[in-house]
Amino acid sequence: MTNLEIMTTIEALFSTNPFVSKLPIKGLQQIALQEGCEPEAYQDKYGNWTIGIGHKGAYAGEVWSTDQCFRQFFKDVLNIAVNPLNESLPWAHETMGTIRWWVFVNMTYNMGIEGFMEFTETIDAAKAKDWEATAQGMENSLWYTQVGRRSVELCKQMRTNEWVLPPVD
């Protein structure tokens, strides 16, 4: 799927899904653009079978429709990132605001809540509203070197409090 197709599909499905309509559409688009949409199962660089928009647990030969990819993505954002993050850091959304909080949602979607919670200095800096130290903590991590452009975009978003989306084709 092209980036433009990802953007327009999320726009079309967003208002019809009551579970995600309270989430920022730009945030959903950001993750989907960074992950890409693969309707055929593949093994990621760690050997995990993946399908759709970064959904783990696929099997060889599995194929999804576009609708399946996006509906599962919406569920995954809530179940893998938003809900665990809100339970673990109940102060974060209010303290950080939506755009910066979404950086943490995005990171949690990417590495899981267990992996994200290892960013203790980064989390402490965010709680203190020290956005430069928060971004520096992100940059000083192994994650930063592993995810390429995504980490650069999220650090910029943390510093500026402005959405940073990958380019659209």
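How do the residues of the lining of the largest pocket divide into nonpolar, polar and charged? In this predicted model, the lining comprises seven nonpolar, eight polar and seven charged residues.

**The largest pocket**

The space in the largest pocket amounts to about 580 Å³. Its lining is made up of 22 residues, of which Glu 35, Tyr 46, Lys 56, Asn 110 and Arg 150 are the closest to the centre of the pocket. Several elements each supply at least two residues of this lining, namely α2 (25–35), β3 (55–56), α3 (66–88), α4 (92–116), α7 (142–146) and α8. The largest share, three residues, comes from α4.

**Helix packing**

| Helix pair | Angle between axes | Distance between axes |
|---|---|---|
| α6 and α8 | about 170 degrees | 8 Å |
| α2 and α8 | roughly 160 degrees | within 11 Å |
| α4 and α6 | about 5 degrees | 13 Å |

Helix α6 (residues 131–139) and helix α8 (residues 149–160) pack at an angle of about 170 degrees, and they are therefore roughly antiparallel to each other. On the α6 side, Trp 131, Glu 132, Thr 134, Ala 135, Gln 136, Met 138 and Glu 139 take part, and they meet Leu 154, Cys 155, Met 158 and Arg 159 in α8. Sorted by class, this contact holds six nonpolar, two polar and three charged residues.

The axes of α2 and α8 cross at roughly 160 degrees, and since angles over 145 degrees count as roughly antiparallel, α2 and α8 are therefore roughly antiparallel to each other. Here Gln 30, Ile 31, Gln 34 and Glu 35 of α2 make the contact with Arg 150, Glu 153, Leu 154 and Gln 157 of α8. The residues of this contact divide into two nonpolar, three polar and three charged. Glu 35 and Arg 150, which both take part in the contact of α2 with α8, are also among the residues closest to the centre of the largest pocket. Leu 154 of α8 takes part in the contact with α2 and also in the contact with α6.

For α4 and α6, the angle is about 5 degrees, and that makes α4 roughly parallel to α6. The contact involves Thr 95, Met 96, Arg 100, Val 103, Phe 104 and Met 107 of α4, together with Trp 131, Thr 134 and Met 138 of α6. By class, the contact of α4 with α6 has six nonpolar, two polar and one charged residue. Trp 131, Thr 134 and Met 138 of α6, which take part in the contact with α4, are also among the residues of α6 that meet α8.

**Individual residues outside the helices**

Trp 91 is located in the loop between α3 and α4, and because its relative accessibility is 18%, Trp 91 counts as buried. Leaving aside residues up to four places away in sequence, Trp 91 touches Met 96, Ile 123, Ala 126 and Lys 127. Lys 127 lies 36 residues from Trp 91 along the chain, and the C-alpha atoms of the two are separated by 7.9 Å. Met 96, one of the residues that Trp 91 touches, also belongs to the contact of α4 with α6.

Lys 129 is placed in the loop between α5 (120–127) and α6, and its phi is near 60 degrees, a positive value in a residue other than glycine. With a relative accessibility of 51%, Lys 129 counts as exposed. Asn 161, in the segment after α8, likewise has a positive phi, near 60 degrees, but at 31% relative accessibility Asn 161 counts as partly exposed.

Note on methods. Residues are numbered from 1 along each chain as its sequence is written. This is a predicted model: local features need pLDDT of at least 70, side-chain atom pairs count only at pLDDT 80 or more; totals for chains, interfaces and linings use all residues. Side-chain values use heavy atoms; hydrogens and water are left out. Axes are lines fitted to C-alpha atoms, for helices over the stretch in contact, and angles run from 0 to 180 degrees between N-to-C directions. Helices (H or I, at least four residues) and strands (E, at least two) are DSSP runs, numbered from the N terminus. Angles under 35 degrees count as roughly parallel, over 145 as roughly antiparallel, 65 to 115 as roughly perpendicular and the rest as oblique. Contact means heavy atoms within 4.5 Å. Ala, Val, Leu, Ile, Met, Phe, Trp, Tyr, Cys and Pro count as nonpolar, Asp, Glu, Lys and Arg as charged, and the others, Gly among them, as polar. On a 1 Å grid over the protein atoms alone, a cavity is a set of points where a 1.4 Å probe fits but cannot get out, and a pocket is an open set with protein on both sides within 12 Å along at least five of seven lines; lining residues have an atom within 4 Å of a point. Grid points are joined across faces, edges and corners, and a volume is the space filled by probe spheres set on the points. Buried means under 20% relative accessible area, exposed over 50%, partly exposed in between (1.4 Å probe, protein chains only).
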